[in-house]
Amino acid sequence: MSIEDILMDGETVFRNHSAFNPDYMPVNYNFRDLQMEGMAISIRPALHNGRPVNTIILGQCATGKTTAIKKLFEKVEETSEKLVCCYINCQLNITRFGIFSQIYKKIFGHNPPETGIPFSRIYQHVMKHLADNNQGLLVALDDVNYLFQNQNVNKIFYDILRAYEEFPGVRTGIFAVLSDLEFRLNLEKNVNTVFSPQEIIFPLYKRNEVLKILNDRVKDGFYPNVMSDEIIEEITDYCFDSGDLRLGIDLLRITGNIAEAHGSRKIEQKHLDEAIASNISINLENTISTLNDKEKKLLKIIALKKDTISTGELSKEFQSKSNLSHSSFNRSLKKLEFLRLVDTKYKGKGSRGQSREVILRFNPDEICRCIL
Ligand SMILES: Nc1ncnc2c1ncn2[C@@H]1O[C@H](COP(=O)(O)OP(=O)(O)OP(=O)(O)O)[C@@H](O)[C@H]1O
């Protein structure tokens, strides 16, 4: 095949490539009714001249938090002009200027001028507009933990939530989105005085839910009969075990690309095998790279054990090797569990209440290779 043929060849397994893009809005969005209701309850007062209720949205990666917020914000905008809903990705915007530029853009439809304008002018402009138009403001700060990086979190929360002191009548609230439990405590410490939130939890999807979501995505993205039920089931198992729905959606896309590269109009087992092989090590490496030194140390101790180990024994070994406290051990273990690198199972009474067994969820050699 020539390069032109590769680029322009119309024969494809994909009906809609964008269905596998990270920002795709799924046509069917199920299993999150409770969370959507919870968020709607937080928003409702703001549509009746009150303030939105500050809320923490908590859940592991790819549990649908961003999608839920975006869907709900769309609905609010269709229903009422009483509230400006602004979604901000804090990975991309970590300064006060950056965040208020996004709010400014949402309200006025364009960015503030790049140069020469101080933060205070943008702030005044935004708040005056809200006050003059009797509009509330709800800011969703996604991945809010990124604001801890430059210690701005307190100021930004204060700017938003105490705006009424300078602009009486202005009604503001924050949805703080977090995928890491550890940062929840950090957030409390940093912004406690202005932010006393409700909490909405996005649990991991169950296997049957993952299957339905992936099946819907297959229908959105591939032509009919391109992918068999068996392959979807296998991808579901794989994705469910990893605890990351995004991995399942990525695998659909990658297998599709591999099938297409082989000129096949169906996705076959060999295409999936190839996709999985290329994906496993990349994902594990990415997850491990997010751990701090303590957590890596603990993971390595677990990986070097030939058998499963109880939490009691593990705590002792961890403390003797690292000189760290039992609560530091507990926090690190919780993190490994949260990221689904290990499982823990109750096995009866131990010296510190219920003792648990720690089970590694990946090949120990592969783990050690990634920690080095
Ligand atoms: N209930 C669902 N139905 C269909 N697709 C879903 C559902 N939940 C999540 N997804 C899909 O999973 C992917 C991740 O979802 P989303 O970005 O909303 O999760 P998140 O919890 O915000 O993740 P993160 O914390 O990593 O930002 C997206 O591709 C989204 O379309």
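Select Arg340 to begin: this residue is partly exposed, with 16 other C-beta atoms within 10 Å. On the scale used here, a residue is buried if 20 or more other C-beta atoms lie within 10 Å of its own, exposed if 12 or fewer, and partly exposed in between, with C-beta atoms placed from the backbone. Arg340 sits in the loop between helix H15 (326-338) and strand E7 (342-350). Helices (H or I, at least four residues) and strands (E, at least two) are DSSP runs, numbered from the N terminus.

The model on display is predicted; local features need pLDDT of at least 70 and side-chain atom pairs count only at pLDDT 80 or more, while totals for chains, interfaces and linings use all residues. Residues are numbered from 1 along each chain as its sequence is written.

**The whole chain**

Of the 372 residues, 35% are buried. Two residues are in contact if their C-beta atoms, placed from the backbone, lie within 7 Å. Among contacts between residues at least 6 apart in sequence, 69% join residues at least 24 apart.

**Thr287**

Next, select Thr287 in helix H12 (residues 269-289). Which residues does Thr287 touch, not counting those up to four places away in sequence? They are Leu339 and Leu341. Thr287 and Leu341 are 54 residues apart along the chain, and their C-alpha atoms are separated by 8.6 Å. Thr287 counts as partly exposed because it has 19 C-beta neighbours inside 10 Å.

**The annotated binding site**

Now select Thr63, Gly64, Lys65, Thr66, Thr67, Tyr205 and Arg217, which UniProt, in an unreviewed entry, marks with the feature "binding site". UniProt positions are given in the numbering used here, feature names are shortened, and annotations may be inferred rather than shown by experiment.

Centre the view on Thr63, in the loop between strand E1 (55-59) and helix H3 (65-79). Is Thr63 buried or exposed? Thr63 is buried, with 24 other C-beta atoms within 10 Å. Beyond residues up to four places away in sequence, Thr63 touches Phe202, Pro203, Leu204 and Tyr205; Tyr205 is itself among the annotated positions.

Move to Ala62, in the loop between E1 and H3. Ala62 has a positive phi of about 60 degrees although it is not a glycine, and it counts as buried, with 22 C-beta neighbours inside 10 Å. Then select Thr66 in helix H3, which is partly exposed, with 19 other C-beta atoms within 10 Å.

**Ile249 and helix H11**

Select Ile249 in helix H11. Ile249 is buried, with 24 other C-beta atoms within 10 Å. Not counting residues up to four places away in sequence, Ile249 touches Phe20 and Arg217, and Arg217 is one of the UniProt "binding site" positions. Ile249 and Ala19 are 230 residues apart in sequence and 9.1 Å apart in space, C-alpha to C-alpha.

**H10 against H11**

Display helix H10 (residues 229-242) with helix H11 (residues 245-261): their axes come within 7 Å and cross at roughly 150 degrees. Axes are lines fitted to C-alpha atoms, for helices over the stretch in contact, and angles run from 0 to 180 degrees between N-to-C directions. H10 and H11 are therefore roughly antiparallel; angles under 35 degrees count as roughly parallel, over 145 as roughly antiparallel, 65 to 115 as roughly perpendicular and the rest as oblique.

At this contact, Ile235, Thr236, Tyr238, Cys239 and Ser242 in H10 meet Leu245, Leu247, Gly248, Leu251 and Leu252 in H11. By class, the contact of H10 with H11 has seven nonpolar, three polar and no charged residues. Ala, Val, Leu, Ile, Met, Phe, Trp, Tyr, Cys and Pro count as nonpolar, Asp, Glu, Lys and Arg as charged, and the others, Gly among them, as polar.

**H13 against H16**

Finish with helix H13 (residues 293-304) and helix H16 (residues 364-371), which pack at an angle of about 150 degrees with their axes 9 Å apart. That makes H13 roughly antiparallel to H16. Select Lys296, Leu299, Lys300 and Ala303 in H13, which meet Pro364, Ile367, Cys368 and Ile371 in H16. The residues of the contact of H13 with H16 divide into six nonpolar, no polar and two charged.
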